[in-house]
Amino acid sequence: MSASVFIDGAAGTTGLEIAERLAGRPEFDLVTLDDHRRKDDAARAEALNDADFVILCLPDEAAKAAVGMIRSARTRVIDASSAHRVAPEWAYGFAEVTGREAIAAARFVSNPGCYPTGFIGLVAPLVRAGLLPADWPFVCHAVSGYSGGGKALIARFEADSDIAFRAYGLALGHKHVPEMQVHAGLAHAPIFAPAVVPAHRGMLVEVPLHLSAMPSSATPAELRAALSAFYAGSPVVAVAQDRPDELLLRASMAPVDTLTLRVLGSEDGTQARLVAMLDNLGKGASGAAVQNLNIMAGLDETAGLRL
Ligand SMILES: NC(=O)C1=CN([C@@H]2O[C@H](COP(=O)(O)OP(=O)(O)OC[C@H]3O[C@@H](n4cnc5c(N)ncnc54)[C@H](OP(=O)(O)O)[C@@H]3O)[C@@H](O)[C@H]2O)C=CC1
Ligand SMILES: CC(=O)N[C@@H](CCC(=O)OP(=O)(O)O)C(=O)O
């Protein structure tokens, strides 16, 4: 028998891409509300309580309200918003970092943010291995395609083709910072400097490091080897061994659910740039949600993913 899946917020950017990945999959019976009922609380409450799995693709406040509407103990929830990412009763849905068992057993799973997927994917394994100090003052620069800001930012960038680069988070209080700190296992909040470029999707997340100033004195080769070992055999996360002169985000990028990590070191090994590339709507949102759904349902975690 197929499991029923209700996407609340199915008309939004993340919801639409989850539905695309679930289309044609007989294991799941997708429940959606007509356009005129998709914001009707009575219709939503019924769907939220009837479904085996609910995927929330809503703004944070609406996601919290939706969880409050769930009375059925059998309904399991994946929340794509940032409302529950550091809530102790929610499993953090980064399969490779959290561990699949915790996600498989959880009733409530919080899907990681797009930028945190890059940052945590790079930093958490190296802090756990003792190669980067947990009390280091980390910095993270990142650029994202504008679909990362949902329908509102898509409309803004499509209406104003003159924006070449948008730096933001300038007050240093971006909502992703607590999640980045907690799930990377850091003593201090990282400085996070995000930006948006005029491409629909795709992102590059970077952590520059003065390795020679660290007590651990790890070399770029050691960091690369540790990351490679951590993600060995992962069908989703790859550690590239190349040393490219440049990394390009293409405006024509097709949807993809992989996460590619690199450790780029200076000749003398004293400095490194940790760089993650991903699709904000892939492993950064909808792809991760489908991976989590597969794990929760006891299926092949890559089913429906674009790898
Ligand atoms: N876009 C991305 O790359 C990522 C997004 N996320 C998170 O996923 C969530 C969804 O984001 P995204 O898809 O980009 O956002 P969108 O703005 O594209 O979509 C949100 C959808 O939620 C609907 N909605 C808002 N309030 C309610 C409500 N009370 N009841 C029912 N539906 C409601 C909106 O309706 P309407 O269409 O009428 O506006 C819209 O369709 C957010 O929390 C976001 O932060 C997480 C990782 C990456
Ligand atoms: C480009 C852009 O605006 N990106 C979003 C983050 C997208 C994302 O990861 O969503 P969550 O916030 O739910 O994690 C932002 O910075 O708020």
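User: Which residue of β10 does His141 stand opposite?
Analyst: Strand β7 (residues 139–145) pairs with β10 in the antiparallel sense, over 4 bridges. Two strands pair if DSSP finds at least two bridges between them. In β10, the residue opposite His141 is Glu206.

User: What kind of model is this?
Analyst: Residues are numbered from 1 along each chain as its sequence is written, while chains are lettered from A and ligands numbered from 1 in the order in which they are written. Local features need pLDDT of at least 70, side-chain atom pairs count only at pLDDT 80 or more, totals for chains, interfaces and linings use all residues, and the model is predicted.

User: Which residue of β13 stands opposite Leu204?
Analyst: Strand β10 (residues 203–210) and strand β13 (residues 271–278) run antiparallel, joined by 8 bridges. Pro208 stands opposite Arg273 in β13. Leu204 faces another β13 residue, Met277.

User: In β6, what is the bridge partner of Ile78?
Analyst: Strand β4 (residues 76–79) runs parallel to strand β6 (residues 108–110), and 3 bridges join them. The partner of Ile78 in β6 is Val109.

User: Which element gives the most to the side of domain 1 that touches domain 2?
Analyst: The chain is divided into domain 1 (3–112 + 285–296) and domain 2 (114–280), with bounds from an automatic or database domain assignment. 15 residues of domain 1 are in contact (C-beta atoms, placed from the backbone, within 7 Å) with 23 residues of domain 2. α1, α4 (95–98) and α10 each supply at least two residues of the domain 1 side. The most, 4 residues, come from α10.

User: From which element does the largest share of the shell around ligand 1 come?
Analyst: 27 residues surround ligand 1, the closest being Gly12, Thr14, Ser81, Gly150 and Ala285. A residue counts as near if its C-beta atom, placed from the backbone, lies within 6 Å. Domain 1 and domain 2 each give at least three residues to the shell. The largest share, 3 residues, comes from α1.

User: How many charged residues does the shell around ligand 2 have?
Analyst: 13 residues surround ligand 2, with Cys114 and Ser144 among the closest. α6 (114–128) and β9 (191–197) each supply at least two of the shell residues. Ala, Val, Leu, Ile, Met, Phe, Trp, Tyr, Cys and Pro count as nonpolar, Asp, Glu, Lys and Arg as charged, and the others, Gly among them, as polar. The shell has 5 nonpolar and 7 polar residues, and the charged count is 1.

Conventions
Contact = placed C-beta atoms within 7 Å.
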